[in-house]
Amino acid sequence: MASLDPPSTLKPVQVAVAMIESGVAKHRTRADLVFFKAVAAGVMLSFGGLLSEIVSGGSAGLNASNPGLVKFLGGAVFPVGLIMIVLQGQELLTSNMMIYPMACIKGAVPWWGLPYNWLIVTFGNLCGSLFFATVLVKYTGIISTAPYNAYAVTFALHKAADPAWHQIFLRGIGCNWLVCVAVWQAAGARETLSKIVAIWIPIMIFVACGYDHVVANMFSVPLGILFGANLTVAEYIRKSLIAAYLGNIVGALLVALPALYFYAPDYNAGGLRNAEAGEVINNKDGDSEGTTSSKVYEVDKRSQ
């Protein structure tokens, strides 16, 4: 007898439409709410960044004999930040780089909303990251002793000073390709434990490999500057922030564009096209499975 329980994961076509509808929801959210959700996301991601630096910076002996294992351990703890962001529904710039273009391309939201959203979320993530680095790390003194303070300086230079601009840009592509895969997989999971595992694997890979996440660097690089790294704010912005930002955009599009091509080629925004005029995702009867969701199953049926 076939099970009547819903599948544990959504099909890719369902996830694609869920991403588009998420873009509509983001567009309809008040700017102040988007900003403060972005501040919270910056703090949450910084918790993961701090834990990763504590594990990596406090393992000098192990690093001397087995540096690959230290990279893995640092990568293994960092995902707690994105896990908290996803489960709380906060606003992270790098995932919006995938979600918002998908909604714009399909006509669900206007194109002017894309830079507007990215600008608000960028500054929100930056404020949260700087608050965490300054108030909850530097002023608390929790890593102000060796070897943690020295590692914070070394790590900041490794991220923003040592690599060439094009290397940071390319690392940004690899990073957000994996981050957006993590967000996509989490959106397809129906229960919490599956979401955690779906996020953990790609994020662990990008951190262990040393790719560049623009928001994560908003914490780690300023933290190194606070501890005396030979790096100016202007140098950080010019070389690290801009390069990682642009690379992250490309990485996000490498997930978003194939997803639209593979799973939503004939998706029609329909009632979502006028999202900025106040239309809602739900149908007129208030059913949460509105007309847009019905299109998911129609497209899915044709794809079988």
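Is Lys159 buried or exposed, given its 6% relative accessibility? Lys159 counts as buried, because its relative accessibility is 6%, where buried means under 20% relative accessible area, exposed over 50% and partly exposed in between, with a 1.4 Å probe and protein chains only.

1. Basis of the note. This is a predicted model, in which local features need pLDDT of at least 70 and side-chain atom pairs count only at pLDDT 80 or more, while totals for chains, interfaces and linings use all residues. Residues are numbered from 1 along each chain as its sequence is written, and side-chain values use heavy atoms, with hydrogens and water left out.

2. Overall fold. The protein chain holds 13 helices and zero strands, these elements being DSSP runs numbered from the N terminus (helices H or I, at least four residues; strands E, at least two). Of the 304 residues in the protein chain, 47% are buried.

3. Salt bridge of Lys159. Lys159 forms a salt bridge with Asp212, and the closest N and O atoms are 3.8 Å apart; a salt bridge is a side-chain nitrogen of Lys or Arg within 4 Å of a carboxyl oxygen of Asp or Glu. Asp212 lies in the loop between α10 and α11 and Lys159 in helix α8, so the pair ties together parts that are 53 residues apart in sequence. Asp212 is also buried, with a relative accessible area of 0%.

4. The other salt bridges. The count by this rule comes to three salt bridges. Lys26 pairs with Glu91, with 3.1 Å between the closest N and O atoms, and this pair links distant parts of the chain, since Lys26 is in helix α1 and Glu91 in the loop between α5 and α6, 65 residues apart. Lys26 is buried at a relative accessible area of 11%, and Glu91 is buried at 4%. Arg30 forms a salt bridge with Asp32, the closest N and O atoms being 2.9 Å apart; Arg30 counts as exposed at 51% relative accessibility, whereas Asp32 counts as partly exposed at 34%.

5. Largest pocket. The largest pocket holds about 640 Å³ of space. On a 1 Å grid over the protein atoms alone, a pocket is an open set of points with protein on both sides within 12 Å along at least five of seven lines, a cavity is a set of points where a 1.4 Å probe fits but cannot get out, and lining residues have an atom within 4 Å of a point. Grid points are joined across faces, edges and corners, and a volume is the space filled by probe spheres set on the points. The largest pocket is lined by 34 residues, of which Ser56, Lys71, Tyr151, Phe155 and Val207 are the closest to its centre. Helix α2 gives the most to this lining, with seven residues. By class, the lining has 16 nonpolar, 14 polar and four charged residues, where Ala, Val, Leu, Ile, Met, Phe, Trp, Tyr, Cys and Pro count as nonpolar, Asp, Glu, Lys and Arg as charged, and the others, Gly among them, as polar.

6. Second largest pocket. About 470 Å³ of space lies in the second largest pocket, and among its 20 lining residues the closest to the centre are Ser22, Lys26, Val86, Gly89 and Ile99. Helix α1 supplies the largest share of this lining, six residues. The lining divides into 10 nonpolar, five polar and five charged residues.

7. Cavity. The count comes to one cavity of 30 Å³ or more, and about 30 Å³ of space lies in the largest cavity. The residues lining the largest cavity are Leu45, Phe78, Leu82, Leu92, Val179, Ile203, Phe206 and His213, and they divide into seven nonpolar, one polar and no charged.

8. Phe47, Phe131, Val135, Leu136 and Tyr139 make a nonpolar surface patch of about 480 Å². Patches are made of residues with over 30% relative accessible area and no salt bridge, with like charges joined within 9 Å and nonpolar side chains (Val, Leu, Ile, Met, Phe, Trp, Tyr) within 5 Å; accessible areas come from the Shrake-Rupley method with a 1.4 Å probe, and for residues only the protein chains shown count as cover. Helix α7 (residues 113-138) gives the largest share of the patch, three residues. Phe131 counts as partly exposed at 42% relative accessibility, whereas Val137 counts as buried at 0%. A cis peptide bond joins Ala146 and Pro147, with omega about 5°, and Pro147 lies in the loop between α7 and α8.
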